[in-house]
Amino acid sequence: MTRKANQPFVRNAWYIAAWAEEIDNGLLARTIMNEPIVIYRDADGNVGALEDRCCHRGAPLTHGAVTDVGLQCGYHGLTFDTKGNCVDIPGQKNIPPQAHVRHFPLVERNQILWIWMGDPALADESQIVDYPYHDDPVKWPHRKAMFQIKSNYMLMIDNLMDLTHLGYVHGRTIGGNPLQHVGADMDSHKTEKGAYFIRWMLEHDPPPTYQKGGKFTGKVDR
Ligand code: FES
Ligand SMILES: [Fe+2]
């Protein structure tokens, strides 16, 4: 189900564009909100997200390469910094001001690259959610992955907000006893910019995956 009529993108918000490690080996091409984006890290370690279309002849910048001064287009060699400014044109000193590729605010934090697809003037980094656990793999061992899901993104949101399926669909893994899910303490209300939701299941048996992975015994709160 991918009908465009069903895709009212919320643009003025921070989204996870990629894991930082995904650009370790150079460029990353990713389509976000139906827009082709190239994400890269420059020689100084700064990250940038640009429209994946060179302002010269429209070549996808993901066919280029990262040089000492920026992302070099693979067609005629124009090079762009992480803000989309052209910083080098082979064979000429004059760089016209219109030599600029659209760029999107991109913030690297806790191993995540957060992108803002809306009005850049509204991109407030203080609104980005902190995930400090990613920076402490010894205390919080974890693995990262990116799943591509061939469906309308709203079905995925719907699935993740519907926790009552856990005890049934995932009963033998992360779910556990379905009746304990039904009896969870929940609080949800609207906030200025969205919604607040908290859900507690207190003093209950850890589900099978917790028992196996975390070696939990006795009762847990979650
Ligand atoms: S199309 Fe990129 S330099 Fe010409
Ligand atoms: Fe599920």
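Which residues of the largest nonpolar core touch the most other members?

Modeller: Happy to, and please keep in mind that this is a predicted model. The largest nonpolar core has 16 residues, and those that touch the most other members are Ile37, Ile39, Leu106, Leu113 and Ile115. Several strands supply this core: E1 (14-19), E2 (28-32), E3 (35-41), E4 (47-51) and E11 (112-116) each give two or more residues to it. As a general background, nonpolar side chains tend to be buried together in soluble globular proteins.

Let us zoom in on Leu113. Leaving aside residues up to four places away in sequence, Leu113 touches a run of residues from Tyr15 through Ile16, Ala17, Ala18 and Trp19 to Ala20.

Four strands form an open sheet in the order E2-E3-E4-E9, with antiparallel pairing. Strands E2 and E9 (103-104) stand at the edges; each has a single partner strand, so one side of each is left without a neighbour in the sheet. E4 and E9 pair over 2 bridges, in the antiparallel sense. In general, strands of a sheet pair through backbone hydrogen bonds.

Next, the metal. The iron ion (ligand 2) is coordinated by the NE2 atoms of His165 and His170, at 2.0 to 2.2 Å. His165 is buried, because its relative accessible area is 15% and the limit for buried is under 20%. His170, at 25%, is partly exposed.

Finally, some ring contacts. The model has 4 aromatic pairs. One of them joins Tyr133 and Trp140 edge-to-face, with 5.0 Å centre to centre and 75° between the planes. Tyr133 is partly exposed, with a relative accessible area of 44%, and Trp140 is partly exposed too, at 42%. Another contact involves a charge and a ring: the charged end of Arg222 sits over the ring of Tyr210, 4.9 Å from the ring centre.

Notes: Residues numbered from 1 in each chain as written. Chains lettered and ligands numbered in written order. Predicted model: local features only at pLDDT ≥ 70, side-chain atom pairs only at ≥ 80, totals over all residues. Heavy atoms only, no water. Core = buried A, V, L, I, M, F, W, Y, C linked by side-chain atoms within 4.5 Å. Buried < 20%, exposed > 50% of the residue type's maximum accessible area, 1.4 Å probe, protein only. Contact = heavy atoms within 4.5 Å. Donors = N, O, S within 2.8 Å, 3.2 Å for Na, K, Ca; no water. Pairing = 2+ DSSP bridges. Phe/Tyr/Trp six-rings, centres within 6.5 Å; stacked < 30°, edge-to-face > 60°. Lys NZ or Arg CZ within 6 Å of the ring centre and 35° of its normal.
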